[in-house]
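Subject: Structure handover

Hello,

Here is the structure I promised to pass on. Please open it and keep it beside you while you read my notes.

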Amino acid sequence: MATLKQRELWFCYVVNHRQHLENDIRQLQTNLRYRKVDAVDCLELALAIERLNCFNEYCRHTNEIFKIMSGNELQKADSDG
């Protein structure tokens, strides 16, 4: 079971890493606006967007696991059934 401190650390990691990924995308988009674009620039941006999408999906699954580990989902299922 994840402790409160572990959850806080996880939240900090998620916020900081997501911010870093979003900053990468903004920088690559700026590069596309202010210089001659080539295929590598487009590929880099596409990969950066996909990294952010994968990270968001990973976080969603991890949050669900935290809920299950804490028993929230099990308690809800028992009360619904």
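Below is what I found, going from the whole chain down to single residues.

First, a caution: this is a predicted model.

The overall picture

The protein chain has three helices and zero strands. Read along the sequence, the pattern is α-α-α. Of the 81 residues in the chain, 20% are buried.

How α1 and α2 pack

Start with helix α1, residues 4-34, and helix α2, residues 39-70. They pack against each other at an angle of about 165°. Their axes lie 9 Å apart. Angles over 145 degrees count as roughly antiparallel, so α1 is roughly antiparallel to α2. The crossing of these two helices is left-handed. What kinds of residues make up the contact of α1 with α2? There are 16 nonpolar residues, six polar ones and six charged ones.

The nonpolar core

Now look for the largest nonpolar core, which has eleven residues in all. Its members include Trp10, Val14, Leu21, Ile25 and Leu28. Leu45, Ala48, Leu52, Phe55, Cys59 and Phe66 complete the set. Which elements give two or more residues to this core? They are α1 and α2. Helix α2 gives the most, with six residues.

A closer look at α2

Check the length of α2 yourself. It has 32 residues, and at 1.5 Å a residue they should span 46 Å. The expected span is 1.5 Å times one less than the number of residues. The end C-alpha atoms of α2 are 47 Å apart, which agrees.

Which residues of α2 are buried? Asp41, Leu45, Ala48, Leu52 and Phe55 are among them.

Ala46 and Leu28 are 18 residues apart along the chain. Their C-alpha atoms are separated by 9.6 Å.

Then find Ile49, also in helix α2. Is Ile49 buried, exposed or partly exposed? Ile49 is partly exposed, with a relative accessible area of 34%. Ile49 and Asp24 are 25 residues apart along the chain. The separation of their C-alpha atoms is 8.9 Å.

Over to you.

Best wishes

How values were computed. Residues are numbered from 1 along each chain as its sequence is written. This is a predicted model: local features need pLDDT of at least 70, side-chain atom pairs count only at pLDDT 80 or more; totals for chains, interfaces and linings use all residues. Side-chain values use heavy atoms; hydrogens and water are left out. Axes are lines fitted to C-alpha atoms, for helices over the stretch in contact, and angles run from 0 to 180 degrees between N-to-C directions. Helices (H or I, at least four residues) and strands (E, at least two) are DSSP runs, numbered from the N terminus. Angles under 35 degrees count as roughly parallel, over 145 as roughly antiparallel, 65 to 115 as roughly perpendicular and the rest as oblique. A crossing is left-handed if the near helix is turned anticlockwise from the far one by less than a right angle, and right-handed if clockwise. Ala, Val, Leu, Ile, Met, Phe, Trp, Tyr, Cys and Pro count as nonpolar, Asp, Glu, Lys and Arg as charged, and the others, Gly among them, as polar. A nonpolar core is a set of buried Ala, Val, Leu, Ile, Met, Phe, Trp, Tyr and Cys residues joined through side-chain atoms within 4.5 Å. Buried means under 20% relative accessible area, exposed over 50%, partly exposed in between (1.4 Å probe, protein chains only).
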